Amino acid sequence: MDEEFALDDPTQLLDSASDFAHHPGSLNDAAVKDFLDRFPLPVIISALQTKSDVPGLENTLVACLERVFKTKYGASLIPQYMTFVQVGLKADSQVVRCLSCKTVSSFLKNFDDKSIYAIKLIIDCDIYQLLLDCLINGDEQVATAAIDAIKNLAQFPEAVGIIFPSNINEATHLGNVASRCSSLGRVRVLSLIVKLFSISSSIASVIYNSNLLSLLEAEIRNSNDTLVTLSALELLYELTEVQHGAEFLARTTLQLLHSIISNSSMESILRSRALMISGRLLSKENVYMFVDEPSAKSLISAIDVRLGLLDSQDTDERESALEALGGIGSSIQGAVLLLTSFPPAARHIVHAAFDRQGGGKQLAALHALGNIVGENRPEDGVILNGDAEESLRRLVYEVASESSKLTPSGLLLSVLQQAAEFRLAGYRVITGLVARVWCLMEIFSKPEIINIVTDPTAETTKIGIAFNIVIHHLLSIPNQNVSIFWNNRSSLIHMKTSLAISCLIF
C-alpha cells in the first residue's frame, strides 16, 4: 500500500473498527459507506499489513472487513482490491487467509451479472489455485471458508471448466490435488467434492463422469487408517442426503457397502456407519429406478447375516443394523423386499420390537417396524402387496404365539405399558398397523389398549399427545363400522392430517 495510507497511530482506527465490528444487528450500505468515508479501505488494508503486531488489531480489522464485504456496497468494492485478496490468500496469518476466502465468497454471491467478467478476475489473480492451497494447507476455519468460496464459484457456468478441467493432467484437477496431499488434505478434497456434488444434478454428473467419486470409494476401501476411513464414510453418508444423489451412488455404492458389512475383521464402528448409509440410500423411492433388484437384495442379505451373528449381543452395531432395515423399510419397495426375502429380513425387527429386555435395540426395532408398516409413508403407500402383507401378518402372529402375550394385541399393550419413549414408538407402530383389518380387530379386542389411547392424561409430551389423539380418533369408530372404515381409505389421510395438526396445536 502507498505510504499516504499509512497510519502512525492506529488507535482511533482500532477503536472505531471494534465498534463497527461489534455493532448489534445487521449493517446497511449507508452505515458501511459512512465508516469507509472516515477510514477508506486502503487505510484499513495498510494497517492490516503493517500493524499486525499491535495487540488486537488484526482480529478486529478482520472482523470489521468481514462485515463490510458482506454488504452489497462493500462487495461492490472488492473488484478494485482483488490484488489484496490475492495477497491475503497467501498470508501467513490464518485469520487473514480466512477473511480472504470469505471475501471471494462475498464477491461471487453479490456479483449481479454472472458473466465472464467475474471469472476473468478470478483467473487473472489465480484465485482458484490459491483457494485450493487454503483448502489443503489452511487451518480448519480456512479450509471451510475455501470450500464455501469454491462452491460459490461453481455457481457460475463459466467456472465449471476451471474447477473440473478436461485435461486430467492439470495440476488443479482434484484427482491430482488429492494425490499430492496428506490424509487430512485428501479428506478435505473429498469434502469439497461432496459439497460441489450437492449443488445440482448437472455438476454431480460432471463429478461422476470425471471419476472423482472413485476417490471417495478408494479412501473407504483403504483400511490402513480407521479415522480417515470413518471420515470418508461420513462424507458418503452426506452424499446419500443429496436429493439427486441416488442416481449416481446406486451404480457403485451398494457393492462397496456390502463388502464392508460382510467384513468381520473390519472395525465395528465402520460397519455401523456402512449400515446406516445403506439404510439411508435404500430408503429413497427413486433409488430403485437406478439399482437392480438383485443388488438391493444382496445388500439386505448382508445386513440380515450380520444381524444373525449379532443376535445375542446388545451392541451399537446391532442397533445400527435394525435402524438400517428400518430406513430401507420406509420406502415401499424396500419394505416389500424386507418382508418377501427368504427368510424375511424383517423378522429381526419384529422379534426385537417386542423384546422387553431389549433396551436400545427394542426401541430401534419399534421405530423400524413403524417405518415398515407405513407410519411415515403417504396414504397410498401404507398397504403393501399381498405377499408382503401376508408375511407381515404372519411374523407378528408368530412372535405373539412364541411369547407370554399370545396375541398381537397383547404385544402392543406390553409396549404401551413401558416408558414414554417406548410408548411413543409403539404409537407409531399402531398408527401404521391399524390400516390392516386384522390389527384393527386385534386392538378392538383389548379394552386396556382403548383405555390407554383414550386417556387424555396418559401423555405429556407434544408428540405423544399427538399420536394419542390420532389413535383415539381411529379407535372411536364403532366396532360394527370397521368394514366401513376399511373401505373408506380417506380416513388414513385424516389420520395423518390430524397428527400434523395436533403437533402444531400442542
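Lys120 is partly exposed, at 49% relative accessibility. In this predicted model, Lys120 forms a salt bridge with Asp124. The closest N and O atoms of that pair are 2.8 Å apart. Both residues belong to helix α8. They are four residues apart, so about one helical turn separates them.

The structure holds 18 salt bridges. Side chains of opposite charge can pair when their charged atoms come close. Arg97 forms a salt bridge with Asp133, with the closest N and O atoms 2.7 Å apart. Arg97 lies in helix α7 (residues 94–109) and Asp133 in helix α9, 36 residues apart. Arg97 is buried, with a relative accessible area of 7%. Asp133 is partly exposed, at 32%.

Arg347 forms a salt bridge with Asp304. Here the closest N and O atoms are 2.7 Å apart. This pair also links distant parts of the chain: Arg347 sits in helix α23 and Asp304 in helix α20 (residues 293–309), 43 residues apart. Arg347 is partly exposed, with a relative accessible area of 23%. Asp304 is buried, at 11%. Elsewhere, Glu66, Lys70 and Lys102 are linked in a network of salt bridges.

The backbone was examined next. Most residues other than glycine have a negative phi, and most peptide bonds are trans. Asp126 is not a glycine, yet has a positive phi of about 55 degrees. Asp126 is found in the loop between α8 (116–124) and α9 (127–137). Its relative accessible area is 40%, which makes Asp126 partly exposed. Asn211, also not a glycine, has a positive phi of about 65 degrees. The loop between α14 and α15 holds Asn211. Asn211 counts as exposed, at 51% relative accessibility. The peptide bond from Phe342 to Pro343 is cis, with omega near -5 degrees. Pro343 lies in the loop between α22 (332–340) and α23 (346–353).

Helix α15 spans residues 213–221. Its buried residues are Leu213, Leu216, Glu217, Glu219 and Ile220. These residues cover an arc of only 160 degrees around the axis, so they lie on the same side of α15.

Key:
Residues numbered from 1 in each chain as written. Predicted model: local features only at pLDDT ≥ 70, side-chain atom pairs only at ≥ 80, totals over all residues. Heavy atoms only, no water. Buried < 20%, exposed > 50% of the residue type's maximum accessible area, 1.4 Å probe, protein only. Helix = DSSP H or I, 4+ residues; strand = E, 2+ residues; numbered from the N terminus. Arc of directions from axis to C-beta. Salt bridge = Lys/Arg side-chain N within 4 Å of Asp/Glu carboxyl O.
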